Amino acid sequence: MRQGFLTARPHAIASAVAALALFAALGQWPYGYYTVLRFIVCGAGGYTAFVLYGWGRIGLAWLFGFIAVLFNPVVPIHLSRELWQPIDALCGVLLLVVVVTVKKPSPRRDT
């Protein structure tokens with residue numbers, strides 16, 4: 001049976017929104033944008049890690065868990081803009097890659 005896109009990829013919307021927000025962060029924004037960005041990326045990273053862990057994709061779950069910690073708004077990590085820009089771009093790419101390439105495993109049929 002074929003699964004729908006969002007059924008097979010429940011993390012897709014959160015990850016795509018976070019990726020777009022990260023790419024937008026490469027521009028000039030008021031400081032408040034970057035605070036909101038932390039909430040968005042932390043939430044999307046944590047949710048994606050949760051979904052991937054449930055599917056047994058432990059390595060990827062750790063990676064997105066790390067992204068959630070890196071962008072956490074409670075205990076923020078303060079880096080210069082020059083360091084944040086490549087991190088934002090890399091995390092945005094990773095979030096888009098996981099939307100396109102990772103989907104729910106098909107149930108196994110034991111015959």
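**Helix packing and residue exposure**

User: Among contacts in the chain between residues at least 6 apart in sequence, what percentage join residues at least 24 apart?

Analyst: This is a predicted model, in which local features need pLDDT of at least 70, side-chain atom pairs count only at pLDDT 80 or more, and totals for chains, interfaces and linings use all residues. Residues are numbered from 1 along each chain as its sequence is written, and side-chain values use heavy atoms, with hydrogens and water left out. With contact taken as heavy atoms within 4.5 Å, the share of contacts between residues at least 6 apart that join residues at least 24 apart is 68%.

User: In what order do the elements of the chain run from the N terminus on?

Analyst: Helices (H or I, at least four residues) and strands (E, at least two) are DSSP runs, numbered from the N terminus. On that basis the chain has five helices and zero strands. From the N terminus on, the order is therefore α-α-α-α-α.

User: What percentage of the accessible surface of the chain belongs to carbon and sulfur atoms?

Analyst: The C-alpha atoms fill a box of roughly 55 × 20 × 20 Å along the principal axes, and 32% of the 111 residues count as buried (under 20% relative accessible area, with exposed over 50% and partly exposed in between, for a 1.4 Å probe and protein chains only). Accessible areas come from the Shrake-Rupley method with a 1.4 Å probe, and for residues only the protein chains shown count as cover. The accessible surface of the chain comes to about 7,100 Å², and the part belonging to carbon and sulfur atoms is 71%.

User: Is α2 roughly parallel or roughly antiparallel to α5?

Analyst: Axes are lines fitted to C-alpha atoms, for helices over the stretch in contact, and angles run from 0 to 180 degrees between N-to-C directions. Helix α2 (residues 12-24) and helix α5 (residues 81-101) pack at an angle of about 155°, with their axes 8 Å apart. Because angles over 145 degrees count as roughly antiparallel, while those under 35 are roughly parallel, 65 to 115 roughly perpendicular and the rest oblique, α2 is, relative to α5, roughly antiparallel.

User: By class, how many nonpolar, polar and charged residues does the contact of α2 with α5 have?

Analyst: On the α2 side the contact includes Ala-12, Ser-15, Leu-22 and Phe-23, and on the α5 side it includes Asp-88, Gly-92, Leu-96 and Val-99. Ala, Val, Leu, Ile, Met, Phe, Trp, Tyr, Cys and Pro count as nonpolar, Asp, Glu, Lys and Arg as charged, and the others, Gly among them, as polar. The contact of α2 with α5 thus has 13 nonpolar, two polar and one charged residues.

User: Which hand does the crossing of α2 and α3 have?

Analyst: The axes of α2 and helix α3 (residues 31-54) come within 9 Å and cross at roughly 150°. Among the residues that meet there are Val-17 and Leu-22 in α2, and Leu-37 and Ile-40 in α3. A crossing is left-handed if the near helix is turned anticlockwise from the far one by less than a right angle, and right-handed if clockwise; that of α2 and α3 is left-handed.

User: What is the relative accessible area of Phe-64?

Analyst: Phe-64 is found in helix α4. Leaving aside neighbours within four places in sequence, Phe-64 is in contact with Gly-45, Gly-46, Thr-48, Ala-49, Leu-52, Leu-94, Leu-95 and Val-98. Phe-64 is buried, and the relative accessible area is 1%.

User: Is Leu-96 buried or partly exposed?

Analyst: Leu-96, in helix α5, touches Ala-16, Ala-19 and Phe-23 when residues up to four places away in sequence are not counted. With a relative accessible area of 35%, Leu-96 is partly exposed.

User: How far apart in space are Phe-39 and Pro-107, C-alpha to C-alpha?

Analyst: Phe-39 lies in helix α3 and, at 55% relative accessibility, counts as exposed. Phe-39 and Pro-107 are 68 residues apart in sequence, and C-alpha to C-alpha their separation in space is 34 Å.
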